[in-house]
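Please keep the sequence and the three-dimensional view at hand while reading.

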Amino acid sequence: QVRLVESGGGLVQAGGSLRLSCAASGIIYSINTMGWYRQAPGKQRELVAAITSSGSTDYADSVKGRFTISRDNAENTVYLQMNSLSPEDTAVYSCNLRYRSGYAIWGQGTQVTVSS
């Protein structure tokens, strides 16, 4: 079975940076999309950024210019570099691996807290 293991979350001051990592293990089809989602208290879960196995990316408007998603296909790992963080970015961030069939695997989620 495929498992996703996340790391890099924590507490940071406004204006600071964090780098999230998500490593996938198991038997993984090479054609897939990996992404980061977040959910803040009282809000619905939203897509933050996604990247296909060919390198195409999508970002939420709220993070464009501040966040960068990347992946290492050889290591089946996806990263999210988060710069210029603000309290609005405080949320539980979850890693996702998705196939064209619609089947998706989720990580356990990691807390990101940005203080004023």
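Strands are DSSP runs of E with at least two residues, numbered from the N terminus. The model discussed here is a predicted one.

Q: In which loop is N76 found?
A: The element β7 covers residues 67–72. N76 is found in the loop between β7 and β8.

Q: Is N76 buried, partly exposed or exposed?
A: Buried requires a relative accessible area under 20%, and exposed requires one over 50%. The relative accessible area of N76 is 24%, so this residue is partly exposed.

Q: What is the phi of N76?
A: Most residues other than glycine have a negative phi. N76 is a residue other than glycine, yet its phi is positive, with a value near 50°.

Q: Which loop holds S84, and what is its phi?
A: S84 lies in the loop between β8 and β9. Although S84 is not a glycine, its phi is positive, at about 50°.

Q: Is S84 buried, partly exposed or exposed?
A: Exposed would need a relative accessible area over 50%, and buried one under 20%. S84 has 45% relative accessibility and therefore counts as partly exposed.

Q: Where does D89 lie, and which residues does D89 touch?
A: D89 lies in the loop between β8, residues 77–82, and β9. At 1% relative accessibility, D89 counts as buried. Leaving aside residues up to four places away in sequence, D89 touches R38, R66, F67, S84, V112 and V114.

Q: How many disulfides does a search of the whole structure find, and which residues does a disulfide join?
A: The search of the whole structure finds one disulfide. A disulfide is assigned when two cysteine sulfur atoms lie within 2.5 Å. The S to S distance here is 2.1 Å, and the residues joined are C22 and C95.

Q: How many residues apart are C22 and C95?
A: C22 belongs to strand β3, residues 18–25, and C95 to strand β9, residues 91–98. The pair thus links distant parts of the chain, with a separation of 73 residues.

Q: Is the disulfide of C22 and C95 left-handed or right-handed?
A: The torsion about the S-S bond of C22 and C95 is about -85°. The disulfide is therefore left-handed.

Q: What is the relative accessibility of C22 and of C95?
A: C22 counts as buried, with a relative accessibility of 0%. C95 also counts as buried, and its relative accessibility is 0%.

Q: Which residues does N96 touch?
A: N96 is found in strand β9, and at 2% relative accessibility N96 counts as buried. Not counting residues up to four places away in sequence, N96 touches L4, T33, M34, G35, Y37, A104, I105 and W106.

Q: How far apart in space are V2 and A24, C-alpha to C-alpha?
A: V2 lies in the segment before β1, residues 3–7, and counts as buried at 17% relative accessibility. V2 touches S25, I27, I28, L97 and I105, not counting residues up to four places away in sequence. V2 and A24 are 22 residues apart in sequence, and their C-alpha to C-alpha distance in space is 6.7 Å.

Q: Which strand gives the most to the lining of the largest pocket?
A: The largest pocket holds about 170 Å³ of space. Strands β4 (33–39), β5 (46–52) and β9 each supply at least two residues of its lining. With four residues, the strand that gives the most is β4.

Q: Which residues lie nearest the centre of the largest pocket?
A: The lining of the largest pocket divides into six nonpolar, seven polar and two charged residues. Of the 15 residues that line this pocket, those nearest its centre are N32, T33, T52, R98 and Y99.

Q: How many aromatic pairs are counted, and what is the geometry of the pair formed by Y29 and Y99?
A: The count comes to two aromatic pairs. In the pair of Y29 and Y99, the centres are 5.3 Å apart and the angle between the planes is 80°. Planes over 60 degrees apart count as edge-to-face. The geometry of Y29 and Y99 is edge-to-face.

How values were computed: Residues are numbered from 1 along each chain as its sequence is written. This is a predicted model: local features need pLDDT of at least 70, side-chain atom pairs count only at pLDDT 80 or more; totals for chains, interfaces and linings use all residues. Side-chain values use heavy atoms; hydrogens and water are left out. Buried means under 20% relative accessible area, exposed over 50%, partly exposed in between (1.4 Å probe, protein chains only). Contact means heavy atoms within 4.5 Å. On a 1 Å grid over the protein atoms alone, a cavity is a set of points where a 1.4 Å probe fits but cannot get out, and a pocket is an open set with protein on both sides within 12 Å along at least five of seven lines; lining residues have an atom within 4 Å of a point. Grid points are joined across faces, edges and corners, and a volume is the space filled by probe spheres set on the points. Ala, Val, Leu, Ile, Met, Phe, Trp, Tyr, Cys and Pro count as nonpolar, Asp, Glu, Lys and Arg as charged, and the others, Gly among them, as polar. Rings of Phe, Tyr and Trp (its six-membered ring) pair if their centres lie within 6.5 Å; planes under 30 degrees apart count as stacked, over 60 as edge-to-face and the rest as tilted.
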